[in-house]
Amino acid sequence: MISAHLQAEPFDLAAEQAALVGSHTDLGAVVSFTGLVRADDGLIALTLEHYPAMTLAQMQAIAADAAARWPGVLGRIIHRHGRLLPGAPIVFVLTASPHRADAFAAAEYLMDWLKTKAPFWKREEWADGSTRWVEAKASDDTAKDRWTA
Amino acid sequence: MITLLYFAWVREQIGTDAETLALPAGITTVANLLDWLASQSPGHAAALADRSRIRVAVDQTFARGETPITGAAEIAIFPPVTGG
């Protein structure tokens with residue numbers, strides 16, 4: 001089971017891990033990835049727009065695909081929306097499995113698909129008052145496509 | 001009637017986040033819809049000028065140019081996604 005969460009609020013890594021692992025004693029590996037707002041040359045904020053009727057459902061579909069591919073993996077994915085400042089966490093992937101290989105692989109898979117198949121759009125705000133929509137990267141599609149090659 | 005939703009710079013260039021329209025007869029696929037929509041205003045034309053930068057979801061499912069839209073309730077038009 002991999003759960004998906006869409007929220008404006010920040011998240012707490014320790015609390016998320018405790019909630020995921022719970023009373024399971026068969027888990028030997030926990031992998032987490034946190035994406036942060038990077039303060040590129042004068043960036044003052046990043047606003048994440050999303051498609052309310054579709055985004056969470058799409059995140060849940062990505063989570064279900066990963067769970068089917070790695071049946072022994074437990075996980076949580078969290079994606080934030082709204083206006084975030086440099087250093088703030090944006091996205092979180094947490095996976096746990098009996099051995100580390102599946103947890104690492106499932107975490108990478110989840111991130112690659114979140115980046116390319118979840119309807120979010122980033123708008124950058126700069127110190128001079130200008131704004132710019134982030135362009136999608138071909139390298140993100142390439143990373144996603146390696147799972148279906 | 002069909003509801004069209006716009007996101008990110010597609011929304012900004014068209015100038016609204018949603019509109020409800022009656023489609024003319026003969027508009028049966030996503031590609032037909034984009035062609036017709038581009039003729040509706042200069043903003044629509046600008047937003048849809050480069051189709052390689054446009055993605056579409058029909059009733060919350062990613063679609064392609066040939067995807068049928070007959071009977072659809074909601075079509076969203078947006079740039080390639082940039083989350084994560």
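A salt bridge is counted here where a side-chain nitrogen of Lys or Arg lies within 4 Å of a carboxyl oxygen of Asp or Glu. In this predicted model, that rule finds two salt bridges across the interface of chain B and chain A. One of them joins Arg53(B) to Glu135(A), with the closest N and O atoms 2.6 Å apart. Over all chains, the count by the same rule comes to 11 salt bridges. Among these is a pair within chain A, in which the side chains of Arg76(A) and Glu16(A) meet at 2.5 Å, N to O. This pair links distant parts of the chain, since Arg76(A) belongs to strand E4 (residues 74-80) of chain A and Glu16(A) to helix H1 (residues 13-21) of chain A, 60 residues apart.

The interface can also be described by its area and by the residues that form it. The size of an interface is often given as the accessible area lost when the parts come together. Between them, chain B and chain A bury about 1,800 Å², and 59% of this area is on carbon and sulfur atoms. In chain B, the residues that lose the most area to chain A are Val81(B), Thr82(B) and Gly84(B), which together account for 35% of what that side buries. The contact draws on 20 residues from chain B and 25 residues from chain A.

On the side of chain B that touches chain A, the elements giving two or more residues are helix H1 (8-14), strand E4 (61-63) and strand E5 (74-78) of chain B. Of these, H1(B) gives the most, with four residues. By class, this side of chain B has 11 nonpolar, five polar and four charged residues.

Strands of a sheet pair through backbone hydrogen bonds, either parallel or antiparallel. Strand E3 (residues 55-58) of chain B pairs with E5(B) in the antiparallel sense, over four bridges, and the bridge partner of Val58(B) in E5(B) is Ile75(B).

Note on methods. Residues numbered from 1 in each chain as written. Chains lettered and ligands numbered in written order. Predicted model: local features only at pLDDT ≥ 70, side-chain atom pairs only at ≥ 80, totals over all residues. Heavy atoms only, no water. Contact = heavy atoms within 4.5 Å. Buried area = accessible area lost by both parts, 1.4 Å probe. Nonpolar A, V, L, I, M, F, W, Y, C, P; charged D, E, K, R; others polar. Pairing = 2+ DSSP bridges.
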